[in-house]
Amino acid sequence: MAKNSRTTARSSRVTILDVARAAGVSKSSVSRLLDERLPRSNSEVAQRVRRVAKELGYVRDVSAANLRRGSTSTIGLIVPRLTDTVMALLYEALQRAAAKSGKIVIVATTDETIEAERRAANSLIGKGVDALVLATARNDDPFIKELAERGVKYVLALRTDGTSLSSIGNDALGGYLATRHLIDLNHSRIGLIAGPSYSSTACGRTKGFRKAMAEAGLKVDEELVVESTFGIESGRDAATKLMSNPEPPTAIFAVNDNIAIGAFAAIHSLGLSVPDDVSLVGYNDIPIVSHLYTPMTSVHVPFDQIATSVLELIDGEDVPEDQRIQVAMPSLIPRLSSTSIASRAKKTQ
């Protein structure tokens with residue numbers, strides 16, 4: 001029993017690329033020679049490929065093959081969770097864009113775990129979707145490499161690994177705009193709630209923050225840079241930590257709106273006010289932030305543009321190298337949560 005279990009586990013991991021490397025032939029040759037719909041070849045190469053495939057325990061992925069060849073007018077979207085408004089907005093934007101060409105979008109969630117992502121992808125592939133859209137990509141994500149090796153059509157949305165077909169916002173520019181806005185309001189001691197380091201969005205926005213600070217000749221106090229998840233509770237915890245500093249920041253940039261909402265709650269629970277005591281800027285411009293008691297300044301992300309680019313990448317053939325990553329431009333939306341040091345001083349006089 002144990003031996004059979006090991007064999008099954010091994011077979012599930014063997015890819016067509018593994019067979020090609022072991023047999024000393026191209027991946028396309030393996031695909032052709034093992035395709036049972038084509039006339040069987042008894043050439044020396046064909047026999048070697050079949051022998052190697054059997055020795056490695058390779059099992060042909062029929063669903064992936066169908067995904068490459070067929071069309072069901074469906075797209076599989078994989079997101080961390082739909083309770084995250086950003087992911088819900090992406091889903092809705094993708095649905096709108098897909099509907100224009102008669103396509104529908106099927107969504108699956110992962111709660112940010114790679115194993116759940118793998119299960120969701122395999123389930124969607126099994127349903128025959130034309131392509132996968134992943135809003136779950138992590139830096140150095142091994143699962144993306146697996147999809148590429150299986151020949152599955154996929155596009156990354158919002159996040160990118162730097163090489164795959166991707167449709168994203170210019171996160172570095174957005175982070176720069178948010179920070180520059182606070183600097184222009186005469187803030188110099190600015191806290192950053194940086195999000196998780198595994199996400200390209202968080203890394204890009206942090207990069208923009210550091211660039212704006214450096215251009216202004218301001219030193220980043222690393223005690224005022226706090227990593228977090230993208231959740232509200234994590235934003236609350238991070239802001240509490242920032243405000244407990246002996247010299248707390250006069251302004252905070254949170255790399256997404258959920259984090260910023262959590263920070264907003266933390267600041268008020270400490271008996272402080274936004275923006276009278278602390279200015280606050282979020283990111284993504286989700287609908288609720290303009291309706292808070294103190295409307296929140298945020299960086300707007302054009303989700304519809306990103307969704308349209310996703311579909312163009314899915315439908316494109318042999319996308320040129322310089323067009324593999326489509327980048328949409330963000331814009332800053334100033335609201336009442338950020339104010340100048342001078343305005344704050346006048347209110348206290």
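Two strands pair if DSSP finds at least two bridges between them. I started there, with strands (E, at least two residues) and helices (H or I, at least four) taken as DSSP runs numbered from the N terminus.

**Ground rules.** I am working on a predicted model, where local features need pLDDT of at least 70 and side-chain atom pairs count only at pLDDT 80 or more, while totals for chains, interfaces and linings use all residues. Residues are numbered from 1 along each chain as its sequence is written, and side-chain values use heavy atoms, with hydrogens and water left out.

**The sheet.** I looked up serine 167 and found its bridge partner in strand 11, glutamine 326. Strand 5 (residues 166-169) and strand 11 run parallel and are joined by four bridges. I then traced the open sheet: six strands in the order 2-1-3-4-5-11, with parallel pairing. Strand 2 (104-109) and strand 11 (325-328) are at the edges with a single partner strand each, so one side of each has no neighbour in the sheet. Direction ignored, neighbouring strands are turned by 20° against each other on average.

**Across the sheet.** Helix 6 (residues 85-99) lies across strand 1 (74-79), strand 2, strand 3 (131-134) and strand 4 (154-157), and runs at about 160° to strand 2. For such angles, axes are lines fitted to C-alpha atoms, for helices over the stretch in contact (heavy atoms within 4.5 Å), and the range is 0 to 180 degrees between N-to-C directions.

**Helix 2.** I checked burial next (buried is under 20% relative accessible area, exposed over 50%, partly exposed in between; 1.4 Å probe, protein chains only). In helix 2 (residues 16-23), the buried residues are Ile16, Leu17, Val19, Ala20 and Ala23. They line one face of helix 2, because down its axis they fall within an arc of 160°, taken from the directions from the helix axis to the C-beta atoms. Their cover includes helix 3 (27-33), helix 4 (44-56) and helix 8 (142-150). Just after helix 2, I noted glycine 24 with a positive phi of about 75°.

**Rings.** I counted one aromatic pair, using ring centres within 6.5 Å for Phe, Tyr and Trp (its six-membered ring), with planes under 30 degrees apart stacked, over 60 edge-to-face and the rest tilted. Phenylalanine 253 and tyrosine 283 form this tilted pair, 6.5 Å centre to centre with 45° between the planes. Phenylalanine 253 is in strand 8 (residues 251-254) and tyrosine 283 in strand 9 (residues 279-284), so the pair ties together parts 30 residues apart in sequence. Phenylalanine 253 is buried at 0% relative accessible area, and tyrosine 283 is buried at 1%.
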